[in-house]
Amino acid sequence: MIFSLLITGAPYSSQSVATAYQFAREALQQGHTIHRVFFYADAVHTGSALATPPQDEMHIPDEWQQLASDNQLDLVVCIAAAVRRGVLDDGEAKRHEKNGGNLKDNYHLSGLGQLVEAAMVSDRMMTFAP
């Protein structure tokens, strides 16, 4: 089965990002495909390279980054929600005259069209919200 995931909760104030990660990992282990993971609203903070959780907590952005690297996942951060919250790639940082981007590797900014396309090509669109 082909899944796409829509995540809307902030990584450390909501369980939605961690739950989505566990779902994705398990689905992949069972032989399913994850077409796209779309981070929207406060979930865009998952793509921030500046997150520094305590050492005894799960580093959610790094876990997603590693899962994406290991499984060629498409991690999309909604550009409108990200820019509004200060999560920028180098191109957006330059465009908005900021000192630099803070988007982690394996994440990329894109629009809601990517979410629509994911829903069209996936068997199931799973939503993880607070």
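A residue counts as buried when its relative accessible area is under 20%. By that criterion, 44% of the 130 residues of this protein are buried. The structure is a predicted model, and its secondary structure comprises five helices and five strands. The points below proceed from the overall dimensions to the sheet, the helices, the aromatic residues and selected loop positions.

**Overall dimensions and contacts**

- The radius of gyration of the protein is 14 Å, which agrees with the value near 14 Å of a compact globule with 130 residues.
- Taken along the principal axes, the C-alpha atoms fill a box of roughly 45 × 35 × 25 Å.
- Among contacts with a separation of 6 or more, 77% are accounted for by residues 24 or more positions apart.

**Fold and sheet**

- The five strands form an open sheet in the order β4-β3-β2-β1-β5, and their pairing is parallel.
- Strands β4 and β5 (124–128) are the edges of this sheet, as each of them pairs on one side only.
- From one strand to the next, the twist averages 25°.
- Strand β3 (residues 75–78) runs parallel to β4 and is joined to β4 by four bridges.
- Across these two strands, Val 77 stands opposite Leu 109, a residue of β4.

**Helices against the sheet**

- Helix α1 (residues 16–29) lies across β1 (2–7), β2 and β5, and its direction is at about 170° to β1.
- Helix α2 also packs on the sheet, where it touches β1, β2, β3 and β4.
- The direction of α2 makes an angle of about 95° with that of β4.

**Aromatic residues**

- The whole structure contains six aromatic pairs.
- In one of them, Phe 39 and Trp 64, the ring centres are 5.6 Å apart and the planes stand at 90°, so the pair is edge-to-face.
- Phe 39 belongs to strand β2 and Trp 64 to helix α2, so this pair ties together parts that are 25 residues apart in sequence.
- Phe 39 has a relative accessible area of 0% and is therefore buried; Trp 64, at 0% relative accessibility, likewise counts as buried.
- Phe 39 also pairs with Tyr 107: the ring centres are 5.8 Å apart and the planes are at 45°, so this pair is tilted.
- Tyr 107 lies in strand β4 and Phe 39 in strand β2, so the pair ties together parts that are 68 residues apart in sequence.
- Tyr 107, like Phe 39, is buried.
- Phe 39, Trp 64 and Tyr 107 form one aromatic cluster together with Tyr 21.

**The loop between β2 and α2**

- Tyr 40 is found in the loop between β2 and α2.
- At 33% relative accessibility, Tyr 40 counts as partly exposed.
- Beyond its neighbours within four places in sequence, Tyr 40 is in contact with Leu 6, Ile 7, Thr 8, Cys 78 and Leu 112.
- Tyr 40 and Gln 15 are 25 residues apart along the chain, and their C-alpha atoms are separated by 15 Å.
- Ala 41 also lies in the loop between β2 (33–39) and α2 (60–71).
- The phi angle of Ala 41 is near 55°, a positive value in a residue other than glycine.
- Most residues other than glycine have a negative phi.

**The loop between α4 and β4**

- Glu 97 is located in the loop between α4 and β4.
- With a relative accessible area of 72%, Glu 97 is exposed.
- Lys 104 is found in the loop between α4 (90–95) and β4 (107–110).
- Lys 104 has a relative accessible area of 13% and is therefore buried.
- The side chain of Lys 104 makes a polar contact with the side chain of Asp 62, at 2.7 Å.
- Apart from its neighbours within four places in sequence, Lys 104 is in contact with Thr 46, Gly 47, Ser 48, Ala 49, Pro 61, Asp 62 and Gln 65.

Conventions: Residues numbered from 1 in each chain as written. Predicted model: local features only at pLDDT ≥ 70, side-chain atom pairs only at ≥ 80, totals over all residues. Heavy atoms only, no water. Buried < 20%, exposed > 50% of the residue type's maximum accessible area, 1.4 Å probe, protein only. Polar contact = N/O pair within 3.5 Å; in protein donor to acceptor, adjacent residues only side chain to side chain. Contact = heavy atoms within 4.5 Å. Phe/Tyr/Trp six-rings, centres within 6.5 Å; stacked < 30°, edge-to-face > 60°. Pairing = 2+ DSSP bridges. Axes fitted to C-alpha atoms, helices over the stretch in contact; angles between N-to-C directions. Rg over C-alpha atoms; globule rule 2.2 N^0.38 Å.
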